[in-house]
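Here is a friendly note to read with the model open beside you.

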Amino acid sequence: MVAAKKNFPQLTPEDYFAWEEKQLEKHEYIDGQVYAMSGGSVNHSRIAVRLTTLFSNHLENSSCETGNSDLRVNIAGTKNYTHPDVSVTCDDRDKTTTQYITYPCLIVEVLSPSTEAYDRGSKFRMYRHNPVLQDYLLVSSTSIEMDLYHKKDTGEWLIINYKEDDTIELKSINLSFAIEQVYRNLDLTPETTA
């Protein structure tokens, strides 16, 4: 997320939905302000597509649905909306809305240098108030690493760090997969700015 546009008027959620439909880029909506989402790298895009496909194929015969970054997530109990890279909902309440979901059990953010601090900090603080969220997966786009924040039955969040040769376990959707499945054939050279 980048800074809100200067002198941009505060919008209602309804105004935000109508306005964003006309924009070329996606925007998050937090406390009445819109924030432009920065573009991602080739690795960022490929990782997000691979995870979306993996989850969608795994959940094909279930009532769960997988969304990409076009699908907004309403922060439960607020009028704030984000665009995570991947989300999965299995909640029937999300079948009644057409512009967003509110009750994902799994959210994935592919990390970029410009958004990593936000994804690990403020964004996770918003997401973790969701009563049904079980897994929040942060995925590096420059090295074979993933951090899983898993909500235990006690309500506490456990952080599991995955690296090369590990198997990721997502209890929220009953899926295990080798980490290399997501990183195959990617150039993990650190990104440079042009």
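1. **What you are looking at.** This is a predicted model, in which local features need pLDDT of at least 70 and side-chain atom pairs count only at pLDDT 80 or more, while totals for chains, interfaces and linings use all residues. Residues are numbered from 1 along each chain as its sequence is written, and side-chain values use heavy atoms, with hydrogens and water left out.

2. **The whole chain.** The secondary structure comes to 5 helices and 13 strands. Here helices (H or I, at least four residues) and strands (E, at least two) are DSSP runs, numbered from the N terminus. Along the principal axes, the C-alpha atoms fill a box of roughly 50 × 45 × 30 Å. The radius of gyration is 16 Å, which agrees with the value near 16 Å for a compact globule of 194 residues. That radius is taken over C-alpha atoms, and the globule rule is 2.2 Å times the number of residues to the power 0.38.

3. Of the 194 residues, 46% count as buried. Buried means under 20% relative accessible area, exposed over 50%, and partly exposed in between (1.4 Å probe, protein chains only). Among contacts (heavy atoms within 4.5 Å) between residues at least 6 apart in sequence, 53% join residues at least 24 apart.

4. **The largest core.** In soluble globular proteins, nonpolar side chains tend to be buried together. A nonpolar core is a set of buried Ala, Val, Leu, Ile, Met, Phe, Trp, Tyr and Cys residues joined through side-chain atoms within 4.5 Å. The largest one here has 27 residues, and Leu51, Phe55, Val139 and Ile173 are among those with the most contacts inside it. Elements giving it two or more residues include α2 (42-58), β8 (104-110) and β10 (145-151). The largest share, 5 residues, comes from α2. What does Ile173 touch, not counting residues up to four places away in sequence? Its partners are Phe55, His58, Leu59, Val88, Cys105 and Leu106.

5. **A second core.** A separate core of 15 residues includes Val73, Tyr118, Phe124 and Leu138.

6. Rolling a probe the size of a water molecule over the atoms shows where empty space is left. On a 1 Å grid over the protein atoms alone, a cavity is a set of points where a 1.4 Å probe fits but cannot get out, and a pocket is an open set with protein on both sides within 12 Å along at least five of seven lines; lining residues have an atom within 4 Å of a point. Grid points are joined across faces, edges and corners, and a volume is the space filled by probe spheres set on the points. The largest pocket holds about 440 Å³. It has 24 lining residues, of which Lys26, Ser38, His44, Ser69 and Asp85 are the closest to its centre. Helix α2 gives the largest share of this lining, 5 residues. By class, the lining has 6 nonpolar, 12 polar and 6 charged residues. Ala, Val, Leu, Ile, Met, Phe, Trp, Tyr, Cys and Pro count as nonpolar, Asp, Glu, Lys and Arg as charged, and the others, Gly among them, as polar.

7. **Helix α1 and Tyr29.** In α1 (residues 13-20), Pro13, Tyr16, Phe17, Trp19 and Glu20 are buried. Their cover includes β1 (27-30) and β2 (33-36). Tyr29 sits in β1 and counts as buried because its relative accessibility is 3%. Among the residues that Tyr29 touches are Pro13, Tyr16 and Val34.

8. Most residues other than glycine have a negative phi. Asp31, in the loop between β1 and β2, has a positive phi near 50 degrees. Asp165 also has a positive phi, about 75 degrees, and lies in the loop between β11 (157-163) and β12. Asp31 is exposed, at 57% relative accessible area, and Asp165 is exposed too, at 67%.
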